[in-house]
Amino acid sequence: MYIVDRRLNPGSKSLENRQRFLRRAKALVQGAVKKTSQERDIKDVLEGGEVAIPLDGMAEPRFRREGGTRDMVIPGNKKFIEGDVLPRSGQSGGSPSEPGEGDGEDAFRFVLSRDEFVDLFLDDLELPDLAKRRLTEAESVTLQRAGYTTSGSPANISIGRTVRLALARRVALRRPRRETIAELEAALAECIDDDRRAVLAAELEALKAKVKRIPFIDPLDIRFRRFESVPKPVAQAVMFCLMDVSGSMSEHMKDLAKRFYMLLYVFLTRRYRHVEIVFIRHTDRAEEVDENTFFHGPASGGTLVSSALAAMSDIVRARFSPADWNIYAAQASDGDNSYADSELTSRLLTEMILPVTQFFAYLEVGDTSGGPFDMPDSSLWSLYQRLQAEGAPLSMRKVSDRSEIFPVFKDLFHRRAKQEKVAS
Amino acid sequence: MTATGGRLFEGADWDFQALQRIHDACEEVALDELGLEVYPNQIEVITAEQMLDAYSSVGMPLFYKHWSFGKQFAHQETFYRKGLMGLAYEIVINSSPCISYLMEENTATMQTLVIAHAAFGHNHFFKNNYLFKQWTDADGILDYLDFAKNYIAQCEERHGRLAVEMTLDAAHALMSHGIDRYPGKKKLDLRAEEKRAGDRRQHEESAFNDLWRTVPTGKVKTRSALSAERRRTLLGLPQENILYFLEKTAPRLQPWQREILRIVRHIAQYFYPQSQTKVMNEGTATYVHYRIMSRLHEQGRLSDGNFLEFLQSHTNVVFQPGFDDQRFSGFNPYALGFAMMQDIERIVTKPDEEDREWFPDIAGKGDAMAVLRDVWANYRDESFISQFLSPRLMRHFRMFHLHDDPTEAGILVDAIHNERGYRRIRRELARQYDVGYIDPNIEVVDVDLAGDRRLMLRHAVVKGAQLQETDTKRVLQHLADLWTYDVSLVEVDTSGNVLKEYVVSPRAVSAAA
């Protein structure tokens, strides 16, 4: 009898099967998530937890029978006698339950971890065009195997390679084998003929000398594994989130914008390690705030979009040199802007912001009453549209309902085969 | 070892020396007193997480990768984390050496119970029951699973994960119809055939009588009928092992696809005896652990407290709720099996008049273990119940037989546990465990080789139970994808009327796969 302690074996043997299952269920889970994200709070949705997916694509069909006359023997008879007829409806009739029959049909429930969930959720999204890559010094150098070398640290000796070369050299130089010498010695010991002995002894002498001359392993044979340090490209990016928090923004609009940024936020923190996010909120003046204030802090006042753009421009100048950073910006607003500000806004945008950004998205949030196409073009929308017509690389979308957030987000950040000028 | 060699362990904790002592003590009782014959044991201690892992790969220590196991794992994990489901105390594998998995969190008493139950009870059954002997190869199974796992991984590397997955999906859908139900035909041997042919010729010559020529014969079979018959014979039709038929004759399968079908078929075959012997297998193991534990307690090697702990979990295991109980979900194989084994022991040692009348062969024979060992070796659930279910047990379980005909107004109580009903109840209960009745009877009947190469299947409908439509269409779709031509299935009742016909065409993609 053997007793084996398997507890230390690597666990999660089923991990791969689980991943295969998720891969297969991807479309279904994504569909389910999209649907729930319209009703539920995004934060909750992204928490993962139990999901239910329709069994359709995941079915494991078998030939099964149903209906027909059935006979069964069951235990626990208390009062029935032969010939009784029991009513069909109701459990009292005594028809046994059929496990697994009703349960399997409608939906399959299981628990997803948060990571799995977000992975599936944001699967086909990508930050647009991370073309400019900047090699940063720290933590981005990796060692890579790069063949063999004749010098190096003893720790890196490649024994296999060394012995192979030594063997090749010994064969090439005809180093006598130990068995050959042993044979000769044996022959010498047995030999009685003096002349023959002399010949053998000489031969043996020569062989032994040769063995001494040709070492078993020569320093020439030794090889070391060579490693090269390869700089790993790390893309750094900074994402500016601009939002209008002025009085003209209703709670509903803020909610829409918040949802958009939340998605953005989860997406960014998920996909890129080296992404910095700057939150700028503005009324008639702009300030850089932390994430919490950005989403939840109260503020009110007029609307001057240029203030936010100016603030962003200052921050870029001070902290994020365009040579080192890929700069992305997303702006959310209800479209109100004072007319006097248009000129300044367009100048700031075209001269200061767009030249240094990779991508600038504008999200116009409207009231829930009208669909996106009923909204009259706002002052900011017309301004941006004019700029876009002049060739400025802007992406613009209108959103007026929660349910549109995800599609719009997906549309803006859809993984594209190659860069494509986004035109709305 | 002395019979009262002190306690095996104290309290609830165990260590590996204790496991060794427990095993040796159990072995002594099992081999010397019960006369069991077992494969060498290998006991593996695992964690709860590893137990969950094992669950989702049908209990085997190594298995190929497939999403459906992941699905099962996700499902079970959900239940387990919610606390809706406890894990089994053990899993035992029909292999040589016989591997039993023990959960690390079991108490020492539970480990003793599990070792007695799995490492001796199940192990003896695996080694001696005729079904397992006939259908499974305990020495080779682990190697075969290893081969299967590597082979499928290689296929994935070479032909792409998707193609392999599609083949496996299809094979799994047909798994329940990839089983040989009867021992294989012996290979034809040329010399024996020649001898047979010679004998026949000689017989014809010796029995020659020219008069036979003048006797009028029936209608000569037409040429087309003859060729159809010949074609069916060549294809080995009708064939109920659909996977085998596909493996051998599907026209456009790649060699690796045939091998995958073969792997799935072999694994289905390996599990075939287990589904036929649930009651007996668990009954044997439960009876054995009960005997061993009681003996250990008698010898003083188990303390009274530990024995009570054992009795508590034993009674939980063999609990049979009545049909109107919330916990009822059919017969508990542990309860029924254990009760029948104990009953046989009673009949053999202390029979009453009724037993002598019902079981003349074994009543009062005296040696209970010899009778039980013979039963364990030579029966399966269906035959076991139809032979050994005694009237006393039917009364004990208060069994009754319901006949549910959807055309009638209500459900008829057809028989209860009385003189008139005993035999009927026993027959019906045995039938409930008969695989021939459980699985739908579907056969490949013909292939239209002259026409559009359609594969024709037939479901022989028993008692009006037709196939579930959505699932059937899905399975047929998989089948058509493998066959790469149309597939049809007719459902025929006992009088030959066609009740329903399905025709499915293959999906375009798979033809190229």
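## Helix packing in chain B

The angle between α14(B), residues 333-349, and α16(B), residues 368-378, is about 135°, and their axes are 9 Å apart. Axes here are lines fitted to C-alpha atoms, for helices over the stretch in contact, and angles run from 0 to 180 degrees between N-to-C directions. Helices (H or I, at least four residues) and strands (E, at least two) are DSSP runs, numbered from the N terminus.

The model is predicted: local features need pLDDT of at least 70, side-chain atom pairs count only at pLDDT 80 or more, and totals for chains, interfaces and linings use all residues. Residues are numbered from 1 along each chain as its sequence is written, while chains are lettered from A and ligands numbered from 1 in the order in which they are written.

The crossing of α14(B) and α16(B) is right-handed, that is, the near helix is turned clockwise from the far one by less than a right angle, anticlockwise being left-handed. On the α14(B) side the contact consists of M341(B), I344(B), E345(B), V348(B) and T349(B), and on the α16(B) side of A368(B), V371(B), L372(B) and V375(B). Two residues are in contact if their C-beta atoms, placed from the backbone, lie within 7 Å. By class, this contact of α14(B) with α16(B) has seven nonpolar, one polar and one charged residues; Ala, Val, Leu, Ile, Met, Phe, Trp, Tyr, Cys and Pro count as nonpolar, Asp, Glu, Lys and Arg as charged, and the others, Gly among them, as polar.

With α10(B) it is roughly antiparallel, and α10(B) passes α11(B) in a left-handed crossing. L243(B), Y244(B), L246(B) and E247(B) of α10(B) meet R258(B), L261(B), R262(B), V264(B) and R265(B) of α11(B). The residues of that contact comprise five nonpolar, no polar and four charged.

Helices α6(B) and α11(B) are likewise roughly antiparallel to each other, and α6(B) passes α11(B) in a left-handed crossing. From α6(B), the residues I141(B), Y144(B), A148(B), Y151(B), I152(B), C155(B) and H159(B) meet W256(B), E259(B), I260(B), I263(B), H266(B) and Y270(B) of α11(B). This contact of α6(B) with α11(B) has 10 nonpolar, two polar and one charged residues.

| Helices | Axis distance | Crossing angle |
|---|---|---|
| α10(B) (residues 242-249) and α11(B) (residues 255-276) | within 9 Å | roughly 160° |
| α6(B) (residues 141-159) and α11(B) | within 11 Å | roughly 150° |

L336(B) is found in helix α14(B). L336(B) is buried, with 27 other C-beta atoms within 10 Å; a residue is buried if 20 or more other C-beta atoms lie within 10 Å of its own, exposed if 12 or fewer, and partly exposed in between. Leaving aside neighbours within four places in sequence, L336(B) is in contact with V279(B), G283(B) and F331(B). E282(B) is 54 residues from L336(B) in sequence and 9.0 Å from it in space, C-alpha to C-alpha.

Six of the six residues of β3(B), residues 98-103, are buried, so the strand is largely enclosed by the rest of the structure. C98(B), S100(B) and L102(B) point one way from β3(B), and I99(B), Y101(B) and M103(B) the other way.

Strand β1(B), residues 41-46, runs parallel to β3(B) and is joined to it by six bridges, two strands being paired if DSSP finds at least two bridges between them. Within this pairing, I43(B) stands opposite S100(B). Strand β2(B), residues 90-93, pairs with β3(B) in the antiparallel sense over four bridges, with Y101(B) as the bridge partner of I91(B). The hairpin formed by β2(B) and β3(B) has four residues between the strands.

Chain B contains 22 helices and 10 strands. Of its 513 residues, 41% are buried. Among contacts in chain B between residues at least 6 apart in sequence, 71% join residues at least 24 apart.

The contact between the chains takes 79 residues from chain B and 56 residues from chain A. Helix α3(B), residues 67-82, gives the most to the chain B side, with 11 residues. That side divides into 32 nonpolar, 29 polar and 18 charged residues. Strand pairing also links the chains: β4(A), residues 70-74, and β4(B), residues 400-404, run antiparallel and are joined by five bridges. The bridge partner of R70(A) in β4(B) is D404(B).

Notes:
Parallel < 35°, antiparallel > 145°, perpendicular 65-115°, else oblique.
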